[in-house]
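Hi,

Here's the structure I promised to pass on.

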Amino acid sequence: MPRAALFMARFCSSAWIGAATLFVIVGVLEVTRGGFESTTKDVLVGIRFPPFYATGTILVGLAWVGACLAEYHPELTARRRAISILSLLAVLALIFIDYNWIYAPLAAMVNPPGQAKPMDFIKLHEASKYFNLAGLALSWIAAIALNLPSKSADVSRSQ
């Protein structure tokens, strides 16, 4: 069981980093490339972000469960396991806060699409960027803690 759990924690945390990075790259290209009018950008907010938050919740949640169940795996020290569990829990909290208190009000501000944005739009958008950056950084910390080969595993393989 600990072996499968560690695999799940490693796979899901790494998958989330890749998915979130691709999401950001595509999102930035869409906004900065030009050719999209305000109405289209507003519609994209409602199409792209709910799956982003759902995917993040599922992958980070599965990574957290895997890290919790990977107790006593010889390749995962108690310290690295604790770092990953706490980091992933913090990522889940950031996703929850960002979705409920930042994205939901932003989504309401772009509905109906194409309307003028209130002053709070920029402030909330900036907050969302920082929440997502913090979540990605914490995901990296968790993935490194989970994926970094242990010294004991290196020693046992060389013998």
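Below is what turned up, starting with how to read the model.

This is a predicted model, in which local features need pLDDT of at least 70 and side-chain atom pairs count only at pLDDT 80 or more, while totals for chains, interfaces and linings use all residues. Residues are numbered from 1 along each chain as its sequence is written, and side-chain values use heavy atoms, with hydrogens and water left out.

First, confidence. pLDDT is the predictor's confidence in each residue, from 0 to 100. The protein chain averages 93, and 95% of the residues score at least 70. Among the elements, H3 has the highest mean pLDDT (97), and helix H5 (residues 151–158) has the lowest (58). Where pLDDT is low, the predicted coordinates should not be read in detail.

Now the layout. The protein chain has 5 helices and 0 strands, in the order α-α-α-α-α along the sequence. (Helices, H or I with at least four residues, and strands, E with at least two, are DSSP runs numbered from the N terminus.) The C-alpha trace spans about 65 × 30 × 20 Å along its principal axes.

Next, two helix pairs. Axes here are lines fitted to C-alpha atoms, for helices over the stretch in contact, and angles run from 0 to 180 degrees between N-to-C directions.

- Helix H1 (residues 2–33) and H2 cross at roughly 160°, and their axes come within 7 Å. They are therefore roughly antiparallel (angles over 145 degrees; under 35 is roughly parallel, 65 to 115 roughly perpendicular, and the rest oblique). The crossing is left-handed (the near helix is turned anticlockwise from the far one by less than a right angle; clockwise would be right-handed).
- Helix H3 (residues 78–109) packs against helix H4 (residues 120–147) at about 160°, with the axes 8 Å apart. That makes H3 roughly antiparallel to H4. The crossing of H3 and H4 is left-handed too.

Finally, length and bends. Helix H2 (residues 38–69) has 32 residues and reaches 46 Å from its first C-alpha to its last, close to the 46 Å expected at 1.5 Å a residue (the expected span is 1.5 Å times one less than the number of residues). In H2, a kink of about 25° lies at Arg 48, shortly before the proline Pro 50. H3 has a kink of about 40° at Tyr 103, shortly before the proline Pro 105. (The bend is the angle between axes fitted to the seven residues ending there and the seven starting there.)

Cheers
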